Amino acid sequence: QVQLVESGGGLVQPGGSLRLSCAASGSIRSINTMGWYRQAPGKQRELVAIIISGGSTNYADSVKGRFTISSDNAENTVYLQMNSLKPEDTAVYYCNAYCNVVRTGWGNYWGQGTQVTVSS
């Protein structure tokens with residue numbers, strides 16, 4: 001019904017930058033929110049940043065001022081620009097979308113995850 005395909009993860013040195021992308025496809029009528037979550041080994045999945053269809057955003061305190069979430073509504077794509085990366089940002093990053101889907105209605109969907117490793 002809905003597929004979320006992430007890209008852009010990888011290995012980067014502390015202080016470096018990465019840009020994650022996530023494209024949603026399928027029988028989507030509309031998207032209310034898209035966001036990024038992350039899960040480090042041994043820790044629970046946590047919200048990183050979220051963008052609502054009207055354009056408002058919300059960030060985890062740990063990434064404010066360093067990460068920027070944006071979207072291309074025409075392409076059902078969300079981006080996460082990550083600057084000044086720290087080793088503690090190392091995690092699997094998951095894309096999330098809350099979508100209105102044909103014949104199914106509103107539902108919460110996840111991507112497969114992309115690894116971000118910050119290390120020297």
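This is a predicted model: local features need pLDDT of at least 70, side-chain atom pairs count only at pLDDT 80 or more; totals for chains, interfaces and linings use all residues.
The structure contains one disulfide. Its partners are Cys22 and Cys95, with an S to S distance of 2.1 Å. The angle about the S-S bond is -80°, which makes the link of Cys22 and Cys95 left-handed. Cys22 belongs to strand 3 (residues 18-26) and Cys95 to strand 9 (residues 91-101), so the bond ties together parts that lie 73 residues apart in sequence. A disulfide of this kind is a covalent bond between the sulfur atoms of two cysteines.

Cys22 is buried, at a relative accessible area of 0%, and Cys95 is buried with a value of 0%. Cys99 is buried, with a relative accessible area of 0%.

Four strands form an open sheet in the order 1-3-8-7, and their pairing is antiparallel. Strand 1 and strand 7 are the edge strands, each pairing on one side only. On average, neighbouring strands of this sheet are turned by 15° against each other, direction ignored.

Within the sheet, strand 1 and strand 3 are joined by six bridges in the antiparallel sense. Val5 stands opposite Ala23 of strand 3.

## Pairing around strand 4

Strand 4 (residues 28-39) runs antiparallel to strand 9, and ten bridges join the two. Met34 is placed opposite Ala97 of strand 9.

Strand 4 also runs antiparallel to strand 5 (residues 46-52), here with six bridges. In this pairing Thr33 stands opposite Ile52 of strand 5. The hairpin of strand 4 and strand 5 has six residues between the strands, and Gly42 in this hairpin takes a positive phi near 80°. In a regular strand, side chains alternate between the two faces of the sheet.

## Nonpolar core

The largest nonpolar core comprises 33 residues, and those with the most contacts inside it are Leu4, Met34, Trp36, Leu80, Met82 and Tyr93. Two or more residues each come from strand 1 (2-7), strand 3, strand 4, strand 5, strand 7 (67-72), strand 8 (77-82), strand 9 and strand 11 (114-118). Strand 9 gives the largest share, six residues. In soluble globular proteins, nonpolar side chains tend to be buried together.

Which residues does Leu80 contact, leaving aside its neighbours within four places in sequence? They are Leu18, Arg19, Leu20, Trp36, Val48, Ala49, Phe67, Thr68, Ile69 and Tyr93. Among these, Trp36 and Tyr93 are also listed with Leu80 as residues with the most contacts inside the core.

## Lys64 in the loop

Lys64 is located in the loop between strand 6 (57-59) and strand 7. Is Lys64 buried, exposed or partly exposed? Its relative accessible area is 48%, so Lys64 is partly exposed, since exposed would mean over 50%.

The side chains of Lys64 and Asp61 are joined by a polar contact of 3.1 Å. Val48 is one of the residues in contact with Leu80.

Note on methods: Residues are numbered from 1 along each chain as its sequence is written. Side-chain values use heavy atoms; hydrogens and water are left out. A disulfide is a pair of cysteine sulfur atoms within 2.5 Å. Buried means under 20% relative accessible area, exposed over 50%, partly exposed in between (1.4 Å probe, protein chains only). Two strands pair if DSSP finds at least two bridges between them. A nonpolar core is a set of buried Ala, Val, Leu, Ile, Met, Phe, Trp, Tyr and Cys residues joined through side-chain atoms within 4.5 Å. Contact means heavy atoms within 4.5 Å. A polar contact is a pair of N or O atoms within 3.5 Å; within protein, one must be able to donate a hydrogen and the other to accept it, and residues adjacent in sequence count only if both atoms are side-chain atoms. Axes are lines fitted to C-alpha atoms, for helices over the stretch in contact, and angles run from 0 to 180 degrees between N-to-C directions.
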